[in-house]
Amino acid sequence: GGGGVTREAFGEIMDVLRQQSSVGAAARSDVVSSSNAVKKKLESKHASDGGGQLDNPALFGQRGDQRLTFAKFSTFVSKLQDDMLRLEFEGLSPDSDDCIDLRQFAQTVVSNVYPNKLKGHMQRIESPDFPDGRVTWGEFQSFSGSMKQLKDIAAAIEISSIAQGGKVGKKELAHAFQVVGGVKLKREVVDAIFALFDPSGSGSLDHHAFFTAMRLRKYRGTARRREVDVIAFVGCSGMCFNHYVF
């Protein structure tokens, strides 16, 4: 009722979410000792500086007495997602122009597909016939951001497929991403997607396989969205909080 959530209430909410997730319940016992160690370190730090920083200063202020509003929380999560995406991009060793190879981009698209599908994708990526090109950080970020509208993009492609007698060409794919997702895919990116999901070169995208791969990438390889979102957020939040504290 005060226009925000206290630090204590937020902790209780996260505990409930962890308990509702089988992954979270299994993980809780693994992190108890490290959590206690962090708590002791925070308490020691708090005592030594006469009452300075507490846990979660990014959300609740240096003394932990600020309320967390939805706007502040939303901004924090958005920045956290951007930081995670940037870390993924940096892991691909971009060049001095902040670009990655098109093959590296393709690997991220299929990074979470089912194991029985991955071998075929990697063979196509490593083929000398795979298209050449580079992807900038901005293009990588935009493409990844389009996953927020993934369901709508997939629906638009499905409608287009029905209208075209089951065929989805490069033009239709690019059009759906631009109109529905607000992302303009450059030619090289579209070519890479078709090299992965139209291996026969028929000119028609296997859009079911493509969007399955995209959904798995979005949820990091699992269809149990609630569990992954909660646990991934908790883990990443912890690292972010510790960064602010220590």
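What percentages of helix and strand does the chain have over residues 185-220, and how far apart are the end C-alpha atoms? The chain there is 64% helix and 0% strand, with 22 Å between the end C-alpha atoms; helices (H or I, at least four residues) and strands (E, at least two) are DSSP runs. An unreviewed UniProt entry lists residues 185-220 as "domain: EF-hand", and such annotations may be inferred rather than shown by experiment.

The model is predicted: local features need pLDDT of at least 70, side-chain atom pairs count only at pLDDT 80 or more, and totals for chains, interfaces and linings use all residues. Residues are numbered from 1 along each chain as its sequence is written, and side-chain values use heavy atoms, without hydrogens and water.

His207, in helix H11, is buried (under 20% relative accessible area) at 7%. Its side chain makes two polar contacts, tabulated here (N or O atoms within 3.5 Å, one able to donate a hydrogen and the other to accept it; residues adjacent in sequence count only if both atoms are side-chain atoms).

| Side-chain pair | Polar contact |
|---|---|
| His207 and Glu158 | 3.2 Å |
| His207 and His208 | 3.5 Å |

Notes:
Buried means under 20% relative accessible area, exposed over 50%, partly exposed in between (1.4 Å probe, protein chains only).
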